[in-house]
Amino acid sequence: MNTKFRINLISISLSLISTLLIVFVFLLILNKNPFEIFSVIFTEVFASGYGIGQTLFKATPLIICGCGLAVCFHASLFNIGAEGQLNAGSFVIALVALKAGSLPFPILFILCIVCGFVVSGITGIIPAYIKIKKGVSEVITTIMLNFIILALVNYFLVDFFAVKATMHTEKIADSNMLMKFSDIFPFFEGSSLNMSFVIALLLAFASYIFIYKTKFGYKLRAAGFNETASRYIGININKVILLSFFTGAGITSLAGINYIFGYKGFYEMGFSSNVGFTAIAVALLARNNPLGIIFSSLLFAVLDYGGLSVNQLVPKEIMLVVQGIIILSILAVDRIVKSYFEKRGIA
Amino acid sequence: MHCLKMTAVEFINITKKFGSFFANRDISFSVEKNTVHCILGENGAGKTTLMKILFGMYRQDSGSLKISGEDIRFNSPHDAIAKGIGMVHQHFMLIDDFTVMENIILGNEITKGIRIDFDKTAGILNELISTYSLNLDINKKISEISISAQQKTEILKLLFRNSDILIFDEPTAVLSPAETDEFFKIIGKFKSSGKTIIFITHKLNEVRKISDKVSVLRRGMLVYESSNENRNLDLNILSQAIVGETVVKANTEKADIVFPGNDGRNAISLRNIFLKKDNVSRLKGLNLDLYKGEIHGICGVEGNGQNEIIDIITGLETEFEGEFSNPGCSISLVPDDRLKKGMISEFTIGENIILKKKSSNFISERLLDRISTETAEKYDVRVSDIKSNLSSLSGGNQQKVIFARETELESDVMIFSHPTRGVDINATVFIHSKIIEQRNKGKAVLLISSDLDELFALSDKISVIYNGAIAGTFGSEELSNFRNEELIRKSDESTGSPLSDKIGKLMIGIKTE
Ligand SMILES: Nc1ncnc2c1ncn2[C@@H]1O[C@H](COP(=O)(O)OP(=O)(O)OP(=O)(O)O)[C@@H](O)[C@H]1O
Ligand SMILES: [Mg+2]
């Protein structure tokens, strides 16, 4: 465990360093000054409370969604459907917050979370069920379900719930909004960072305990490592698939809290801006460890917010390229590092 | 040349550490060309580690290697293969969904332009198969062929690469006696065609039969060497050298168990079971009863329905016809293939055990460490670090962990499939006495094994399985007669006993009256 952790750390650091080098060369080829760009990013992100706040704000849904995916990935269930799953749940969270807005806030909030969790969870049970019954790979079904769910949410939103001529629901009562960090710490003045970030951190710790310290977590990981052996050991694989898909997808719904309760006060089509996909990379980078996901989410948030801040110097899309390079170098460097240590019999 | 004997491999002061643990310590010996050299030693003695160093999979911390007198430093198995070294691993490395041929040419493709020249490859392979009498169909998928055929696939791979020095890590552990004989014939052909064979085993009678020289490792060090050119190796001295102390004698005393009436003894019953898988009939009207306080041995060539019986009793297989009854007995299983079915390699000892053990929903590191330590002590599991994953344990020690997990469960029905596969002499004795202990506690025991001696030593009853049905059952009377005959027969080994002859014939489908 300890050596494995160290090897992972080495591998992750090396892949980040190599990414940095590749991007450096890439910028040189584009005839930009890498130092200038890096320093702009650095000052924009870290030099002001606003920058830090915005970065943490952007990290929040990534942490939440990454944790949900980690649950699935540990069971070797390659859930590509988080984008759809989290939109279904978030939509329902907004609707419940509107319809039951008169309830006392704590009750309302918990009710919203439960409803969102269950609805997202059910969208996760669909691919799980198809996998169990028909043996269809969850990769295919979850990708397809993204389109279906987003289309359905779009239909219900536009035809029944949206404010006229917009793509969003009505706004929930101001009194039901979560507290912003800037309300307590003037340091974060102007940023949207809110209590959802704390919820995300708590969730990461809870996911860590769930995956690594509970009996079900052990069974889930055992099934992920060796399905046949798990069957013979007496683990109910179907139950593991259903439960991890339900839990994993359910968790992703909470990503909507940041936007709905913490920022805009309504559900809006496209609010998630591909968090469900970015979170795949976030979870992979952290080796599906929820505590690691906190850090990889921060890294991706820096790239995201940093990308905005250097928009004038380089196209914003360059940060997508950087994210891609990170993923590729994780995969490549990991192989190299692992085989290096294997030869020495350390891994 | 002033010396007659040529050295194929020379190990010079090889030391290999994992953390602070010495897996190999200052090992020096040489393997002569064109000989069969056996490497022996307890589970965890460092045999596989040494071979992995020779095959370029591990790098030694100090010491050096000479191949045919030339100093060598391998960076990977590729380098070793280029030097004519080939290895058949303790755990095969084949892709289930590929055919024999596809597995063999993977990485060694013969090409015509950019296309693989399958015709030419098939020609070469079939020639090798007939030269060495391998008796193998190269177009079958790995998942469809028996373990011994998989092993032949691995052997063919080495031949295809023109390997001269062949390393076999416990090749006979997975073979039936007949298959073992066939394997030794193949080894004989290798020798006569000038190849050098390094051979690891725990079975001493095999050693005397085919080795020219033996080297014994204990706790990472070379402790004994002997030549066996005249086939007169003293097995007592050898086994002493292996364990370093006296060899434990088996306590296989069976207690008489009294049951209230015959009804209470019934545990599992299979009646007229038919099972088809992928349109192939696997079980054809099979009947089997397991009784409490009885060891029911199943003997047969692998793939005649043994695994299907296990799948039905454990409840993993439900699509069968016929009557299966289990009056609520809990079931433990030590499976035949530990890597595939028995364990999670990425988990520690404690983590593997907690998966089946009753415990609270939250699992602390302390609890896991305690389970690991207790198990390692009680079952003599040799580990370099109690927190390490099962993948870093030696094969025999992995087997002990699985055996420990299952017997500690105290289930009503115990299924042991090849329980001593890859396990050393003393541990075999220990496992045997544990199996008897389970029986004496009143458990119903199903013992599946390809080791006839093991079956005869432990079973109260032996059934022969052939082609998906029980071909014959021998009760306690016949077995005790056999044991008595065996004692007399020991002095004159030329004639086989009638019972083992009969069983041997039933195993290949010949009925005698
Ligand atoms: N990768 C590894 N990391 C840590 N320890 C290891 C590793 N590989 C082997 N060991 C340890 O080194 C020792 C020797 O292992 P090895 O596999 O060489 O034993 P062996 O003689 O082949 O035993 P067996 O007869 O059970 O196959 C064992 O105690 C094992 O736990
Ligand atoms: Mg070994």
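Let us start with two neighbouring strands: β13 (residues 266–277) and β14 (residues 280–291) of chain B pair in the antiparallel sense over nine bridges. Two strands count as paired if DSSP finds at least two bridges between them. Strands here are DSSP runs of E with at least two residues, helices are runs of H or I with at least four, and both are numbered from the N terminus. Lys277(B) stands opposite Val280(B) in β14(B). The hairpin of β13(B) and β14(B) has two residues between the strands, and Asp278(B) takes a positive phi near 45 degrees there. β13(B) also runs antiparallel to β16 (residues 320–325) of chain B, joined by five bridges. In β16(B), Glu321(B) is the bridge partner of Phe274(B).

A word on the source: this is a predicted model, in which local features need pLDDT of at least 70 and side-chain atom pairs count only at pLDDT 80 or more, while totals for chains, interfaces and linings use all residues. Residues are numbered from 1 along each chain as its sequence is written, chains are lettered from A and ligands numbered from 1 in the order in which they are written, and side-chain values use heavy atoms, leaving out hydrogens and water.

Now for the metal. Thr48(B), through OG1, and Gln90(B), through OE1, coordinate the magnesium ion (ligand 2) at 2.0 to 2.5 Å. Thr48(B) belongs to helix α1 (residues 47–54) of chain B and Gln90(B) to the loop between β6 (85–88) and α3 (100–105) of chain B, so the pair ties together parts that are 42 residues apart in sequence. Donors are N, O and S atoms within 2.8 Å of the metal (3.2 Å for Na, K and Ca), and sites may look incomplete, as water is not among the atoms.

How open are some residues of chain B? Buried means under 20% relative accessible area, exposed over 50%, and partly exposed in between (1.4 Å probe, protein chains only).

| Residue | Relative accessible area | Class |
|---|---|---|
| Thr48(B) | 21% | partly exposed |
| Gln90(B) | 16% | buried |
| Glu346(B) | 30% | partly exposed |

Glu346(B) lies in the loop between α10 (338–342) and α11 (349–354) of chain B. Leaving aside neighbours within four places in sequence, Glu346(B) is in contact (heavy atoms within 4.5 Å) with Lys4(A), Phe225(A), Glu351(B) and Asn389(B).

Finally, the two chains meet through 23 residues from chain A and 35 residues from chain B. Between them is one salt bridge, a side-chain nitrogen of Lys or Arg within 4 Å of a carboxyl oxygen of Asp or Glu. Glu365(B) forms a salt bridge with Lys213(A), with the closest N and O atoms 3.3 Å apart.
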